[in-house]
Structures are given as C-alpha cells and as structure tokens.
Amino acid sequence: MLSGTRPGQDGGAGSPLSAGAPKLLSVQELRTHFRTAAGVVKAVDGVSFSIGAGSSLGIVGESGSGKSVTSLSIMRLIEPPGFVAGGHILFKGRDIVSFSEREIRGLRGRDICLVFQDPMAALNPVYTVGDQVIEALQAHQDMGRREARDRAIALFKMVGIPAPERRVDDYPHKLSGGMRQRVTIAIALANEPDLLILDEPTTALDVTIQAQILDLVKDLRQRINTAVLLITHDIGVVKEMCEEVVVMYGGRVMERGATAQVTGAPRHPYTVGLLSSIPSPAMKGRRLNAIGGSVPSPLRMPPGCPFQPRCPHAMPVCATTPELRPTDSGSLAACWLY
Ligand code: SF4
C-alpha cells in the first residue's frame, strides 16, 4: 500500500510491482510519528513498498520527505519521542515491528545492514578500522581472531581499499572520506546481509569519490546478490543504481514504479520537478529548474495532497487526499490528475 492510500487500494504486496515471488522486505502502511510539544509529527504516514531478494529500490525525496525515517524504522532505530504508530515491516515474511530487542539485534548487522551518510560518525575513532570489521564478524559468526582478521583484509580488498594488509591497522582519522565510506561498506557486508540500506551514502563525499562509491555498490550487488535500498535526494543517482523507485514527499508516497517508467515518463508533478532539477551538460551556463517553494513544516502540512502549495497544477479537489492509482506509464501516482 502506498502513502495516501487506504488499505486495499494500492495493494502493497499485491500491486503490479510486487506481484509474484514473496518479497524479501515488504513495508506495509508504515506510520512513524514523533510526539513534540507542538503536536504529533507524522514523519512517515502510510508508506508501502517492497523489495525482492537481490533487487534494488531507491527512495527519493527532499529533506523532510520521510525517507530516512523510513530506513531507520526498518532498522528499528527510531528512538523516543518517535514511535511506529502503525503498519507492518515484513522481512522474509516475519513482522519485525513486533520483534523483541534481542531478536532485532540478531537481525541487524547480519541480515540487514545500514550505511550512513557520514562514515566518520559511523566509525569508532578509538579502534582501528580492522578491529571494527573483526568485531562485526565475531558478533554474528563463530570465528577466531586470526580468521576474522584475514576476512577483514579480504573485505577491504573487495571494496577497493589499497594495501589492505596495512590499512586494517589504521585508525579512522588516517583515512580519507572515500576510504572511510569503503570501510563502513566493508563492515556492512561482513556478514553478507540479504539487505543493504544505504542512506545518502555519498552526500558527504566529493563528486569523483561519489561516482567511485556508487560503482562499487553496483559491482558488489552483482557479486554477492545483496538487495539494496538506496535513500537519496538525488533522483539522478536512483536512475543509475535502482530498478524500482519510490518518490516520497511529506511522509507519503507520491509515485512509485519501475525506475525506467517513473524517470522516463514521470506522472506526478513532484517527480517531474525532481527530474527537471537534475543538472545536465545541456544546461551549462543556464539556471537550474528548481521546484518553487519549500517542503512545509510537518506540523503544518496542508490538508489533502501535501505537494499542493508548490504544485503548478493544483486545483480545488487537491484539498482532498488523492489515492495511488495506476497511470498510463505503468507507475502508480497519488495525484488527482490521474
Ligand atoms: Fe497534488 Fe493536485 Fe498537484 Fe496532483 S495536481 S500533485 S493532487 S496538488
């Protein structure tokens, strides 16, 4: 079920994109809210999507769209005053929303791993990077230190860290930003997870290193068949990396479908805006098309379609919430134009 829909209307597990084999991950009508002094913030408000084993899906949207809260909810890393107010997160058919802390710890780092935007924040500055990989390995596998160190060196080699035998003994501050992100990816892949969640993995890196890290993820995906959930504000990155895409805005899904459909023939005005703000060589010297206005405060979301105040096609009916419906491109869009 997608954002802005009622149960049974998008079909979540039964939608065209999710038909067929059971999914590795199926997020159904997820609602993650935060209690604040000013009221309840509905950061994620009825979001559904699913990912098959070994496949790739991008969640794209501006800051405040709810995409990172979605990934933290899947990892069960939402802390008070945040809470999962409703919905299901089925991983291999089991609902992890109701898992005990012990069960979720067994899953995290082994079956599902998360790579954050800032590798420096993810790494412990007082341990060598090798020790941090060894710890990740030994937390989930019965492995002696010598074997774990050899495996850490092999992982560093796999993620393209030069002279891995020496690098394992370095502390994080000795490595460049790009190398640190390779280390966090090595840690995430240490136990060959079924699902790798990458939350803006290249935003803190310069453009050349960004491209290298994205190429690395593409290559690793093919080699170890890990499913990838990529969270990004950059729809251009999703075009490069993902088979399917979910476009989020205001905590809800605006459009979802195969990446080729959504980016080749975007139907939701917000998706159109995101795509037209991608820089291209043809735009050299010209101003980029930015989407007018900004994401409203989650405490002051307009009634109905959340994109209404910024939408060039807004009409009176948009004050009522549109449901996700199939469009002629094959995608699903939550917009009264369809
Ligand atoms: Fe939202 Fe209406 Fe614009 Fe569609 S046309 S995106 S429903 S405001």
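## Second largest pocket

β2 (39–51) and α1 (67–74) each supply at least two residues of the lining of the second largest pocket. Here helices (H or I, at least four residues) and strands (E, at least two) are DSSP runs, numbered from the N terminus. This is a predicted model: local features need pLDDT of at least 70, side-chain atom pairs count only at pLDDT 80 or more, and totals for chains, interfaces and linings use all residues. Residues are numbered from 1 along each chain as its sequence is written, and side-chain values use heavy atoms, with hydrogens and water left out.

The second largest pocket holds about 380 Å³ of space. It has 22 lining residues, and K42, A43, G250, G251 and P298 are the closest to its centre. β2 gives the largest share of this lining, 5 residues. By class, the lining has 10 nonpolar, 7 polar and 5 charged residues. Ala, Val, Leu, Ile, Met, Phe, Trp, Tyr, Cys and Pro count as nonpolar, Asp, Glu, Lys and Arg as charged, and the others, Gly among them, as polar.

Pockets and cavities are found on a 1 Å grid over the protein atoms alone. A pocket is an open set of points with protein on both sides within 12 Å along at least five of seven lines; in a cavity a 1.4 Å probe fits but cannot get out; lining residues have an atom within 4 Å of a point. Grid points are joined across faces, edges and corners, and a volume is the space filled by probe spheres set on the points.

## Largest pocket

About 640 Å³ of space lies in the largest pocket. Among its 22 lining residues, G109, L114, A122, A136 and I187 are the closest to the centre. β6 (112–115), α4 (129–140) and α7 (177–189) each give two or more residues to the lining. α4 gives the most, with 5 residues. The lining has 14 nonpolar, 6 polar and 2 charged residues.

## Ligand and largest cavity

The ligand takes the space of the largest cavity; a molecule sits in a cavity if more than half of its atoms lie within 2 Å of its grid points. This cavity has a volume of about 90 Å³. It is lined by 13 residues, with P269, C305, C311, C318 and C335 nearest its centre.

Residues around the ligand (a heavy atom within 4 Å) include H268, Q308, H313 and W336. The shell divides into 9 nonpolar, 3 polar and no charged residues.
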